[in-house]
Amino acid sequence: MEIAGLNTLGISIARIDYAPLGQNPPHTHPRATEILTVLEGTLYVGFVTSNQPAPNRNKFLSKVLNKGDVFVFPAGLIHFQFNPNPHKPAIAIAALSSQNPGAITIANAVFGSDPQISDDVLAKAFQVEKNTIDWLQAQFWENNHN
């Protein structure tokens, strides 16, 4: 937005540094496909397909990536990256096919919305008791980065 020549190119790029056992939690980019390249370390990555007819309904696809490996996350699908190494960090570059890809972190959106989504709705959706939903919502207070 600050460099006029770079605005409206229809692409974004980000460097992601993962601590040992760190993760980029399940999220989606509603307006972009993402191509992830591992620069250092190892990442366990995956995504879930959309609600398609059986037998491909919500199919989970995952892979362990090493330095130099590339993985594609289709636009709008829930995906994640996790560094399984307890001793070494990992670094990746994410390239996205939009200058404004958006990012929706699933847990934050569902359990940390403001105002909160009704306990009745979430308990039914996740097929758990309301006190479980209350506990999950309590984990998402402002600036909670644990």
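Me: Which residue in S8 is the bridge partner of serine 12?

Reply: In S8, the bridge partner of serine 12 is leucine 96. Before going on, note that this is a predicted model, in which local features need pLDDT of at least 70 and side-chain atom pairs count only at pLDDT 80 or more, while totals for chains, interfaces and linings use all residues. Residues are numbered from 1 along each chain as its sequence is written, and side-chain values use heavy atoms, with hydrogens and water left out. The names S and H stand for strands (E, at least two residues) and helices (H or I, at least four residues), which are DSSP runs numbered from the N terminus.

Me: How many bridges join S1 and S8, and what is the strand order of the sheet?

Reply: Strands of a sheet pair through backbone hydrogen bonds, either parallel or antiparallel. Two strands are said to pair here if DSSP finds at least two bridges between them. S1 and S8 are joined by 7 bridges in the antiparallel sense. They belong to an open sheet of 4 strands with antiparallel pairing, whose order is S1-S8-S3-S6. Because S1 and S6 stand at the edges, each with a single partner strand, one side of each has no neighbour in the sheet. From one strand to the next the twist averages 25°, taken between axes that are lines fitted to C-alpha atoms, with angles running from 0 to 180 degrees between N-to-C directions.

Me: Which residues have the most contacts inside the largest nonpolar core?

Reply: In soluble globular proteins, nonpolar side chains tend to be buried together. A nonpolar core is a set of buried Ala, Val, Leu, Ile, Met, Phe, Trp, Tyr and Cys residues joined through side-chain atoms within 4.5 Å, where buried means under 20% relative accessible area, exposed over 50%, and partly exposed in between (1.4 Å probe, protein chains only). In this model the largest such core has 14 residues, and Tyr18, Leu36, Leu43, Val45, Leu65, Phe71 and Phe73 have the most contacts inside it. At least two residues of this core come from each of strands S1 (12-18), S3 (34-40), S4 (42-48), S6 (70-73) and S8 (90-96). Apart from this core lies another, of 5 residues, including Val110, Phe111, Ala123 and Ile133.

Me: Is glutamine 81 buried or exposed, and what does its side chain make a polar contact with?

Reply: Glutamine 81, in strand S7 (residues 79-82), is buried, with a relative accessible area of 0%. A polar contact is a pair of N or O atoms within 3.5 Å; within protein, one must be able to donate a hydrogen and the other to accept it, and residues adjacent in sequence count only if both atoms are side-chain atoms. The side chain of glutamine 81 makes such a contact, of 3.0 Å, with the side chain of tyrosine 18. For contact in general, heavy atoms must lie within 4.5 Å. Not counting residues up to four places away in sequence, glutamine 81 touches a set of residues that includes Ile16, Asn24, His27, Glu34, Leu36 and Phe73.

Me: Where does UniProt place the feature "binding site"?

Reply: The UniProt record, an unreviewed entry, places it at Asn24, His29 and Glu34; positions are given in the numbering used here, feature names are shortened, and annotations may be inferred rather than shown by experiment. Histidine 29 is found in the loop between strand S2 (23-28) and S3, and it is buried at 10% relative accessible area. The side chains of histidine 29 and histidine 27 are joined by a polar contact of 3.3 Å. Glutamate 34, in strand S3, is buried as well, at 2% relative accessibility. Leaving aside neighbours within four places in sequence, glutamate 34 is in contact with residues including His27, His29, His79 and Gln81.

Me: Which peptide bond is cis, and what is phi of asparagine 58?

Reply: The bond from aspartate 114 to proline 115 is cis, with omega near 0°, and proline 115 lies in the loop between helix H1 (106-111) and helix H2 (119-126). Asparagine 58 is a residue other than glycine with a positive phi, near 50°; it sits in the loop between S4 and strand S5 (60-66) and is partly exposed, at 39% relative accessible area. Glutamine 127, which is not a glycine, has a positive phi of about 55°. Glutamine 127 is in the loop between H2 and helix H3 (130-138) and is exposed, with a relative accessible area of 72%.
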